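Subject: Structure for you to look at

Hello,

Here is the structure I said I would pass on. Please open it and keep it beside this email while you read.

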Amino acid sequence: MWGSTTIHQSVKNDYLKEIITEKHCVQSSTPLSHIQLACCWKYCAFPCDKQVCVWNIHNPILQTLELKGHHQSITALAFGNHNEPTLLCSAAEDYVITWDVEACRMSLQQGLNPRGNVVGTLLGKVLYLCFSPDDQTLVTCADNKIYVLNCKQEDILAVLEGHLGVVTAAEFCPWQSNILVSISEDRTFKVWDLTRNVLLYQSPVLSGSPLLSLCMDNRVNQFITGSANGQLDVFTLLHGQQCRRVLHIDLVKEQQKYYCKIQQKLFAFCYSFTPESSSSLWVGTINGLFNINLATGEIDAAVHFEDHLGLSIQTAGSYAIGSRNTNKVFCLLASMFGKHIALLEVHMLELAKMCLQYSNKEEPLSIIARSSLLPTSPLNYELKQKKKSKPAEHSQAAANSIKDKPVVFHTKVKSSGYTAAPRLNMYTPKVNPPKSVSSVMKEKTNSLKGVSKEYPLNSLAPSRLHTRVAVSNQPTPICCIQYSGDGKLLAVGLADKSMLVYNSSLIGTPTVFKGHDGAVNCVGWTQNDKWLLTASEDRSLWIWPVNGSAPVLQLGTETFSKPARSAQFYYMDKFLLFSSGSEFQLHGFHLDTSRDDIKSYKRKSKSKLAGKFKMSDTQEISCLSAVNDFYSYIVLVAGTNRALEVFDLNVGQSVVTVPDAHTRPVHQICQNNGSVFCTQASESYNLFLTTAITDGIKLWDLRTLRSVRRYEGHHNRCHPCKIALSPCGRFLVTGSEDKCAYLFELGSNNFVHKLSGHTETVITLAYSSSAPKLITATLDGKLQLFVP
């Protein structure tokens, strides 16, 4: 199972013995493979030819309850949903019978024959049974038909037809008792309304293999389908009966990833869990049991039968799993090729200890700095300024010699005008003069008088289109956008080598910054919103004053071996942080806008390398992220090798590497930076998101470096669509290639709004830090502002 030489075999064997126990095992007279078994919180039931055997799972050594009434072999069993009375239904080609388990056991103790209630006759070969939430209705699946029966008397309430193949399972929706979901060998599922006996929804073909299993999760109003080739799909069933697939799980790939993590001793990233967790799902396969976290789609724990040599069954053909708010999971399984029936008990606490045995006991990482800087930290770097030299004392002779020379070398020299072109018009009126930066700033200030001083934490998500603006007369891809810290300005980087600065309402003429020789792929603001950073494909990084038109600091090809994929201000504007190739650099810098007209070529702004860090085993860093709004030592880096690496600049080195964070290279890391206009719990800042083409979005917790949730539903197969997190930390929005933006609540896999109306792929987005406003940008150069 583990396939690792780093784990001592004896330690492994000791733990394996304590993880799973075979409580009881018997041999049936006939094979029971592919027959529906039953297991609940107290009992388990299996067929023994023409009779039903019932065990008490807490003490299976007690007398087996044998229920007789069928004249043909039993093909399906199911328990009801209520504890008192505990109903059991058995089905064969002759009858469908319901039993009261406690009443039958009492009758047996009194020496009487237990009797059931026949509710169906000659319905065919029943493959699946299911009780309604109130145990008043029973559904049976026979061939390609679904029969709805009365549990108290023999009465067929409805017959549902429509599947092209054999119906393999059907389940009631606990949150809508009149809704039934069925799956079939035709590889589709259907949603039925039992009040009107009509079909509400029919899915397309989901898999290349038949659908075999169906499970309901009433905590989040979702259901899960499983196919014969190991594909799991999670769907949300909304009140409008519109089904959305929110998660797809390839069990084979997840199994490989799980074993790979075990081999690399990433035990610190294993969670403890309970069988009744809202995000936990037990999946049984022919060779083992897997506990899947439905929030992330990843395997949290696995029990492989081959590792437990004492088990009677090594290859399973049928399963029934049951538990009820305990630290144990009971599993009834039948052999695939033999005739054995076994009851297994999985100890959840011991399984959690197996993961935590080799866990990292050091203090977990934190985005917020919790300790003082070390003397050796590169963050202690200070850019030394040259002291101005004192004027030398001139001798009397030198003074006399200066007096004899004409005084023309002043700081500013007025031009004589000899080189100027002759004036043709004595007076030319100014028509529609270009607005100065100061006037634009005044307009921006006036247009933002209504901005609230505090971000409304309970505000609705921005979903209504307010304004649409085209950044150019011709379609121009927008590469990046970012709001200033006060939420009043928006910087837009374009593929036409320019940057625009709009006000937050996209009103008025933007300020234009030009000079790069390549597409502007990064923009960034300082905390005081006076300086702007741009990084371009021309292997340069420039810093601009917001009120100016020329850059005050330029880093070029002597600094960049490759174009910067990510660049930003860092550590409360003390450093420049940017990536180039397989390394990222930390530069101290000083900005000075004063100029000498005589020595205009000489720039007083400067930067100097403070540290250089290389990401291991990658050709190029695809993205990086760090918090600038408060002191943080952590820098998150992702590379083309699909790995995620965490650097602690207090110690000046990489501290953790997560291999295969996504199936494709991560193209954006989005951190919870919060906002000066709202306050969040300190632990919330340890959450961050990553996204990759074709692999959805993952939410991570830095303290465990484990993915805690996964978001799917948007289309991202080609372009690196960006994501954004709201300042309140409640909403996540992502771009999509179907000309929409999808808005999620951070605690749910299902998107709450689909923002349409775009004319091209939504490539990047930005949340305002001061108000619940969202701006989306498309590949054809259009900005759209959404408000609640």
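The model is a predicted one.

Start with strand S50, residues 731-735. Five of its five residues are buried. Phe-731, Val-733 and Gly-735 lie on one side, Leu-732 and Thr-734 on the other, and both faces are covered. As background, side chains in a regular strand alternate between the two faces of the sheet.

Strand S49 (residues 723-725) pairs with S50 in the antiparallel sense over three bridges, with Leu-725 opposite Leu-732. The two strands form a hairpin with five residues between them, and Gly-729 in that turn has a positive phi of about 75 degrees. Strand S51 (residues 741-745) also runs antiparallel to S50, joined by five bridges. Here Thr-734 faces Tyr-742. This hairpin, too, has five residues between its strands, and the residue with positive phi in the turn is Lys-739, at about 65 degrees.

Next, look at helix H2, residues 101-109. Val-101, Cys-104 and Ser-107 are buried in this helix. They lie on the same side of H2, because they cover an arc of only 125 degrees around the axis. An α-helix has 3.6 residues a turn, so residues three or four places apart point the same way. The buried residues of H2 pack against several strands, including S3 (43-48) and S8 (95-100). After the helix comes Gly-111, with a positive phi near 80 degrees.

Last, the salt bridges. There are 19 of them in the structure. Which residue does Lys-574 pair with? Its partner is Glu-382, and the closest N and O atoms are 3.2 Å apart. Both residues are in loops, Lys-574 between strands S37 and S38 and Glu-382 between helices H4 and H5, so the pair ties together parts that are 192 residues apart in sequence. Lys-574 is partly exposed, at 23% relative accessible area, while Glu-382 is exposed at 54%.

Another salt bridge joins Arg-196 and Asp-193 at 3.0 Å, N to O. Arg-196 is exposed, with 55% relative accessibility, whereas Asp-193 is buried at 7%. Finally, Glu-298, Asp-300, Lys-698 and Arg-706 are linked in a network of salt bridges.

Regards

Definitions and conventions:
Residues are numbered from 1 along each chain as its sequence is written. This is a predicted model: local features need pLDDT of at least 70, side-chain atom pairs count only at pLDDT 80 or more; totals for chains, interfaces and linings use all residues. Side-chain values use heavy atoms; hydrogens and water are left out. Buried means under 20% relative accessible area, exposed over 50%, partly exposed in between (1.4 Å probe, protein chains only). Helices (H or I, at least four residues) and strands (E, at least two) are DSSP runs, numbered from the N terminus. Two strands pair if DSSP finds at least two bridges between them. The arc is that of the directions from the helix axis to the C-beta atoms. Contact means heavy atoms within 4.5 Å. A salt bridge is a side-chain nitrogen of Lys or Arg within 4 Å of a carboxyl oxygen of Asp or Glu.
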